[in-house]
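I opened a notebook page for this structure and listed what I wanted to look up.

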Amino acid sequence: MEGNVFIVGLGLIGGSIALAIKKAHPAAVVIGYDVNGHQLGLARSLKMIDETARTLEDGFAAADLIVLATPVMQTESILAAMPIEQLKRGAIVTDVGSTKQRIVQGARRLLEAGVAFIGGHPMAGSHKSGVAAARAHLFENAFYILTPTDDVPLERVETLKQWLSGTKAQFVVLTPEEHDRITGVISHFPHLIAASLVHQAREYESKNALVSRLAAGGFRDITRIASSNPEMWRDILIHNKREMLALFDRWMAEMERLRSFVEEENSIAIYHYFLEAKQFRDGLPARTKGAIPSFYDLYVDVPDYPGVISEVTGYLAQENISITNIRIIETREEIYGVLRLSFQSEDDRARAKACLAKHTNYATYEG
Ligand SMILES: NC(=O)C1=CN([C@@H]2O[C@H](COP(=O)(O)OP(=O)(O)OC[C@H]3O[C@@H](n4cnc5c(N)ncnc54)[C@H](O)[C@@H]3O)[C@@H](O)[C@H]2O)C=CC1
Ligand SMILES: O=C(O)C(=O)Cc1ccc(O)cc1
């Protein structure tokens with residue numbers, strides 16, 4: 001597609017969207033703006049954007065597609081101040097915020113003026129922030145939720161999907177209310193729980209320094225998301241306050257129930273509690289695309305020396321096994337690190353496992 005795309009907020013998500021748009025639409029001109037001059041300069045020097053806008057107004061006036069990739073509170077303020085009369089006729093406005101009701105509500109003034117605002121939320125990301133962590137493939141295989149209101153013609157939604165086709169995400173249309181309810185339970189509330197578990201461990205740590213040294217395995221898995229950006233999550237929780245409060249009530253009632261099982265040493269109830277949770281979790285569509293993007297992961301214990309990643313990827317390349325994602329997980333011990341390789345299919349993962357067993361003695365396990 002051709003035209004001007006204006007991306008406001010060149011961080012992890014804005015940068016990744018810019019890369020995906022440039023990849024799919026080389027003829028488009030991607031213009032960027034960020035209040036942080038360093039992020040903006042970096043995006044320009046990494047060639048994620050073609051131009052920088054001097055002011056927000058300059059960018060808005062030039063754009064056929066406007067992508068607001070700022071933290072949710074800022075997105076609300078930008079929408080409130082957007083000079084509607086200066087927008088191009090037919091321009092589409094979207095955002096990438098993790099919450100939707102307040103943002104779509106804030107965009108009502110655009111919708112009332114006939115501007116197509118289509119709320120968006122790519123359901124993938126990272127605990128990292130900033131443009132340096134942006135990747136064109138960040139959203140590959142992930143769900144990308146769109147929340148158009150009834151006033152937006154379907155054909156505009158299709159145009160937006162085409163603009164975003166380079167994300168290789170799977171689009172799902174929901175109402176803003178459905179979006180906030182679902183993401184509340186699977187994403188927002190879990191961040192809160194993860195942070196609270198870390199607080200609990202930290203309190204114990206003050207009594208026994210061994211706590212953090214022994215914190216491994218399950219604790220690290222369940223608290224990974226506590227390393228996310230605190231400002232971003234503060235704003236998300238406030239935006240989705242209504243759902244959070246409802247979830248707090250349910251969670252506390254659930255904890256009371258569970259507490260009583262333990263207090264009464266009700267082994268049958270405890271066993272069933274774990275069993276039912278296991279059955280539901282094991283049955284999540286991990287083999288297809290879940291709400292949290294899932295891949296066929298293979299964990300490889302690799303010695304911590306330079307070049308080990310290219311060694312591993314080199315063997316896989318020799319056998320034409322393609323990797324959709326690669327990540328180094330925090331080193332668990334001094335000598336070994338864990339490399340997480342993601343594949344598109346079970347078959348690719350099995351081939352990779354066999355390939356690495358043939359060429360190396362690194363332990364592998366599926367995740
Ligand atoms: N980080 C993640 O994993 C995901 C984040 N999101 C959503 O994407 C949005 C952006 O998040 P990230 O890219 O992670 O954050 P980030 O911190 O990496 O980037 C945000 C950028 O917006 C800029 N910014 C802030 N206020 C601005 C303003 N008024 N005008 C122009 N630029 C401004 C900041 O300087 C920063 O460069 C948030 O709304 C978040 O809810 C959605 C999916 C995943
Ligand atoms: O890294 C993780 O597990 C995340 O939770 C990433 C993420 C963060 C915010 C979103 O709105 C969607 C996905």
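The entries below follow that order.

**Entry 1, domains.** I noted at the outset that this is a predicted model. I looked up the division of the protein and found domain 1 at 4-174, domain 2 at 179-282 and domain 3 at 296-366. I then took the C-alpha centres of domain 2 and domain 3, and they lie 30 Å apart.

How many residues surround ligand 1? I counted 30 of them, and the closest are G9, G11, I13, S98 and G125. Helix 4 supplies the largest share, with four residues. Sorted by class, the shell around ligand 1 holds 14 nonpolar, 15 polar and one charged residues.

**Entry 3, ligand 2.** I listed the residues around ligand 2 as S98, M123, A124, G125, S126, H127, S187 and I225. Their classes are three nonpolar and five polar, with no charged residues.

I turned to helix packing and began with helix 8, residues 176-205, and helix 12, residues 241-263. Their axes come within 9 Å and cross at roughly 60°. Helix 8 and helix 12 are therefore oblique to each other. I recorded the crossing of helix 8 past helix 12 as right-handed. Which residues meet there? From helix 8 I have D180, R181, G184, V185, H188 and F189, and from helix 12 I have E243, M244 and L247. This contact of helix 8 with helix 12 splits into four nonpolar, two polar and three charged residues.

I stayed with helix 12 and checked its packing with helix 13, residues 267-282. The angle is about 135° and the axes are 8 Å apart. That makes helix 12 oblique to helix 13. I noted a left-handed crossing for helix 12 and helix 13. Helix 12 brings L258, F261 and V262 to the contact, and helix 13 brings A269, I270 and Y273. By class I have six nonpolar residues in the contact of helix 12 with helix 13, with no polar and no charged ones.

My last pair was helix 14, residues 308-318, and helix 15, residues 346-359. Their axes come within 10 Å and cross at roughly 115°. What is the hand of the crossing of helix 14 and helix 15, left-handed or right-handed? I found it to be right-handed. V312, Y315 and L316 of helix 14 meet A352, C355, L356 and H359 of helix 15. I sorted the residues of this contact of helix 14 with helix 15 into six nonpolar and one polar, with no charged residues.

Key. Residues are numbered from 1 along each chain as its sequence is written. Chains are lettered from A and ligands numbered from 1 in the order in which they are written. This is a predicted model: local features need pLDDT of at least 70, side-chain atom pairs count only at pLDDT 80 or more; totals for chains, interfaces and linings use all residues. Domain bounds come from an automatic or database domain assignment. A residue is near a molecule or strand if its C-beta atom, placed from the backbone, lies within 6 Å of it. Helices (H or I, at least four residues) and strands (E, at least two) are DSSP runs, numbered from the N terminus. Ala, Val, Leu, Ile, Met, Phe, Trp, Tyr, Cys and Pro count as nonpolar, Asp, Glu, Lys and Arg as charged, and the others, Gly among them, as polar. Axes are lines fitted to C-alpha atoms, for helices over the stretch in contact, and angles run from 0 to 180 degrees between N-to-C directions. Angles under 35 degrees count as roughly parallel, over 145 as roughly antiparallel, 65 to 115 as roughly perpendicular and the rest as oblique. A crossing is left-handed if the near helix is turned anticlockwise from the far one by less than a right angle, and right-handed if clockwise. Two residues are in contact if their C-beta atoms, placed from the backbone, lie within 7 Å.
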